[in-house]
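Thanks for asking me to look this one over. My notes follow as numbered points, with cut-offs given as the terms come up.

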Amino acid sequence: MDFELTESERAFRDEVRAFLDENLREGAAESPAFLAEWTKKVRAKRWVGFSWPREVGGGGGSIMEQVILKDEMAKRKAPPLGTCMMGLAWVGPSIIQYGTEAQKQKYIPDILDGKYQWCTGYSEPDSGSDLASLKCRAVREGDDYVVTGQKIWTSLAMWAKKMILLVRTARAGEGAESGSPSGGAATDGAKRGAASKHSGITCLLVDMETPGITVRPIRNMTGSAHFAEVFFDGVRIPVENRLGDEGQGWQVTISALASERSSIAEVHGLVRKIDEVKALARETVRGGRRMSEDPGIRRRIAQAEAKIEAMRLNGMRFLTKQLRGEPLGAETSINKLHRAALEIGLGELALEILGSAGTLTGSEAPAVDEGRWARFALGWPDVVIGGGTPNIQKNIIAERILGLPKD
Amino acid sequence: MNFGFTDDQRFLGEEVHKFLESSYPLRTVREVVDSPTFGGSDATLWNRIVSLGWPGLCLSEAHGGAGLDLETLIVVLEETGRTLLPSPLISTILAARAIERFGTSSQRQSWLPGLADGSRIGTFAMLEAGDSLSPAGVGTTGRVEGNAIVLSGEKRFVPDAVGAGLFVIPVRMVDERAGRSASAGNGDRGDSSLDEIALVFVDREAPGVSVSPLAGMDLTKPMGTVTLSDVRIPLDHLLGETRLGWSAVEWILDLGAALVTAEAVGSVEAALELTTRFAKDRIQFGHPIGHFQGVKHPLAEIYVDLESFRSLAYYAIWAIDHDAPDAKLAVSRAKAYASDAFAQAGILGVQLHGGVGYTWEYDIQLYLKRSKWFRPIFGDADYHYERAARLGGL
Ligand SMILES: Cc1cc2nc3c(=O)[nH]c(=O)nc-3n(C[C@H](O)[C@H](O)[C@H](O)COP(=O)(O)OP(=O)(O)OC[C@H]3O[C@@H](n4cnc5c(N)ncnc54)[C@H](O)[C@@H]3O)c2cc1C
């Protein structure tokens with residue numbers, strides 16, 4: 001085992017640190033002018049899309065350099081590298097891997113520059129965890145696909161200019177809805193059904209201003225609206241906007257989702273959160289005693305910290321595998337499960353430390369910190385449900401790693 | 001950056017795996033511990049371990065060891081943990097590393113070669129009647145009388161006590177002139193009482209030493225009581241130049257905790273494999289039971305915990321070996337997490353086997369028992385999470 005950086009890695013880390021020393025100003029992170037300038041500067045360094053090939057405008061950073069960059073940025077609480085969140089996380093990588101030259105030229109620079117937001121149209125009312133059962137239909141008419149159907153839970157849909165959309169292009173008789181072909185043995189038919197479920201899916205890149213698209217925001221339990229229902233009524237999408245081949249949509253999108261896997265930056269966010277919870281425990285006095293002296297609270301804080309440290313170290317083991325050129329598989333579900341448990345757990349811990357005051361959302365005492373812990377304790381579904389639920393992660397581990405039968 | 005093993009280490013792990021799989025599968029392990037002559041170590045087994053050089057694997061070459069680092073030991077311990085090998089390997093390594101770290105050069109010369117070549121089995125005897133891993137838990141006294149130290153007290157739950165030839169023991173040095181130990185009954189000790197603690201070597205053969213076995217649920221991890229009745233040891237059996245104080249004891253306990261946690265990685269891995277295999281084979285309601293989420297999800301949870309405490313354990317071993325500033329915290333996190341996780345894996349393992357899981361014949365119960373042994377040794381989850389909270393600034 002060896003946790004040292006090589007000389008060139010150290011040089012890169014020092015370059016990042018020097019950049020942060022020079023450009024990061026305490027308390028300035030919120031100002032739009034500072035953010036605009038920050039974005040321009042990190043873009044000039046090619047640190048936006050740092051893992052992408054240089055030919056498309058990315059930074060061509062090695063795996064270790066990517067880790068160092070994320071790590072240093074997160075440690076210093078720097079603003080994000082680029083503003084087009086989903087574009088950078090999975091739309092861009094999909095386009096780079098499967099897109100035509102024209103698509104790359106059209107979309108990649110805008111993602112890097114953060115010209116506009118993308119949204120992700122995968123989930124449907126009847127297709128959530130079982131995403132491959134999606135029904136939103138695209139029928140080929142000349143040079144267009146005509147799309148009819150509905151998406152739901154589409155984050156940012158009301159502000160996004162583009163959408164990465166999954167549709168079903170298979171004609172009737174080939175789709176999953178047609179069921180298993182008669183005559184075949186039951187298991188055989190189920191297998192063929194499952195295969196065709198994936199093979200009938202196509203990925204389209206959609207302009208949200210195309211006629212026939214209606215976006216209806218959905219208020220979540222915090223009271224605000226970040227996601228929406230999106231309705232498609234005979235929406236004509238040019239065939240040139242298809243990403244990958246017809247029927248290749250599953251592969252196109254899933255591989256990109258899988259590529260976004262470094263959990264190390266996430267750990268810094270969780271460390272920051274647990275540090276705040278510890279401070280809260282020290283400051284909160286109930287029943288004449290600091291909550292940081294309560295044995296139950298102490299144990300749960302220590303437990304959360306051990307779990308966060310385990311995530312960090314798991315991440316380093318995965319990284320070691322990647323550096324050896326071994327592909328990462330389902331083991332990344334380990335940290336997803338930890339993250340889900342911690343997002344819920346830290347919110348609960350904060351509310352339990354605060355007691356009655358933890359339920360208050362106002363800005364005046366006895367509410368604490370303007371009710372931010374109450375808001376935090378309502379925020380977990382984003383992470384816990386959004387990226388594939390814990391049950392689904394457990395299925396993945398049980399089936400792909402332990403080799404247990406599918407259910 | 002490499003948070004993994006080298007090719008050489010992986011190769012060693014595979015060799016150890018092959019050896020134990022062929023020579024000491026659980027079937028053989030059962031025979032060893034069921035034999036009426038098994039009192040704490042099996043001579044045949046120990047001789048084979050010694051011939052493979054494991055006791056001296058990570059002792060310096062100058063003292064008869066192979067000079068490898070502690071992380072290399074992990075690949076061995078994972079395998080001994082898989083097959084629940086009933087050997088005093090960890091105890092001996094712990095005693096040896098304590099002497100290597102804290103002993104004078106003449107102490108290292110005189111004691112280490114015998115531990116490295118396995119001619120002597122060593123162990124660390126900490127706990128007493130109070131069952132407390134704290135300075136207050138050390139009640140055994142050492143009194144200087146001329147050229148000797150006179151020891152008296154009783155050490156309990158001593159791992160591998162019956163087979164051991166050398167005990168490394170924390171004692172409280174009593175000042176004759178003050179006429180009493182500053183300790184007696186006073187729970188509120190200042191720093192000076194930490195300095196009263198010293199480490200001594202005690203030879204099994206010294207007059208006044210008696211060892212009796214304790215019957216435990218995990219037959220593969222025998223323990224015993226060591227009674228010291230006015231045992232006279234020469235002054236140079238005081239480990240180090242002077243009284244080492246509590247911090248040395250803490251370091252030894254940490255190393256012990258890290259080593260047993262590395263071994264627990266192998267045990268939980270094997271328990272998970274055993275239960276997973278069973279879940280694939282056992283059919284109920286027309287399906288392998290592993291098809292049901294009530295079975296597959298707990299197995300996935302064990303896997304998540306296993307991989308997580310594996311990471312924590314590897315890092316803890318590395319941190320101790322490199323005197324990293326966060327070594328104590330790393331050990332506490334690893335042992336705390338593992339204590340809970342192993343206990344849970346043991347219970348779920350038996351439960352998911354159904355009725356056969358409760359039988360003497362099925363092996364899963366052996367892992368459940370190992371988890372019970374593992375939980376308190378060198379500190380349970382309560383102890384280590386509380387320590388982690390303190391070290392983390394709470
Ligand atoms: C904040 C937020 C943002 C989101 N943003 C987007 C977005 O931008 N784009 C997008 O496409 N989607 C988005 N989603 C949707 C998200 O991907 C889905 O909610 C998720 O996949 C779960 O699907 P579902 O809501 O239909 O729940 P269901 O799949 O109906 O699940 C309901 C419950 O049943 C359980 N369950 C389902 N199947 C199984 C099974 N086989 N075994 C055991 N348990 C099972 C689940 O674990 C869950 O607890 C977002 C969701 C949230 C909460």
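1. Buried here means under 20% relative accessible area, exposed means over 50%, and partly exposed lies in between (1.4 Å probe, protein chains only). By that rule, 61% of the 394 residues of chain B count as buried.

2. A word on provenance: this is a predicted model, in which local features need pLDDT of at least 70 and side-chain atom pairs count only at pLDDT 80 or more, while totals for chains, interfaces and linings use all residues. Residues are numbered from 1 along each chain as its sequence is written, chains are lettered from A and ligands numbered from 1 in the order in which they are written, and side-chain values use heavy atoms, with hydrogens and water left out.

3. Now the overall build of chain B. The C-alpha trace of chain B spans about 80 × 45 × 45 Å along its principal axes. Its radius of gyration is 21 Å, which agrees with the value near 21 Å for a compact globule of 394 residues; the radius is taken over C-alpha atoms, and the globule rule is 2.2 Å times the number of residues to the power 0.38. Among contacts (heavy atoms within 4.5 Å) in chain B with a separation of 6 or more, 77% link residues 24 or more positions apart.

4. Next, the interface. The size of an interface is often given as the accessible area lost when the parts come together. Chain A and chain B bury about 4200 Å² between them, 61% of it on carbon and sulfur atoms; this buried area is the accessible area (1.4 Å probe) lost on being put together, summed over both parts. On the chain A side, A:Met1, A:Arg298 and A:Arg317 lose the most area to chain B, together 20% of what that side buries. The contact takes 45 residues from chain A and 44 residues from chain B.

5. What polar links cross between the chains? There are 26 residue pairs in polar contact between chain A and chain B, both residues at pLDDT 80 or more. A polar contact is a pair of N or O atoms within 3.5 Å; within protein, one must be able to donate a hydrogen and the other to accept it, and residues adjacent in sequence count only if both atoms are side-chain atoms. The rule also finds seven salt bridges across the interface (a side-chain nitrogen of Lys or Arg within 4 Å of a carboxyl oxygen of Asp or Glu). A:Glu399 and B:Lys296 meet in a salt bridge, 2.7 Å from N to O.

6. Which elements of chain A give two or more residues to the side that touches chain B? They are helix H8 (264-283), helix H9 (295-323), helix H10 (332-354) and helix H13 (390-401). H9(A) supplies the largest share, 18 residues.

7. Two positions in helix H8 of chain B are worth a look. B:Ser267 lies in that helix and is buried, at 0% relative accessible area. The B:Ser267 side chain reaches the backbone oxygen of B:Gly81 at 2.8 Å. B:Ala271 is also in helix H8 (residues 246-281) and is buried at 5%; B:Ala271 touches B:Ile364 and B:Tyr367, not counting residues up to four places away in sequence.

Note on methods
Buried area is the accessible area (1.4 Å probe) that two parts lose on being put together, summed over both. Helices (H or I, at least four residues) and strands (E, at least two) are DSSP runs, numbered from the N terminus.
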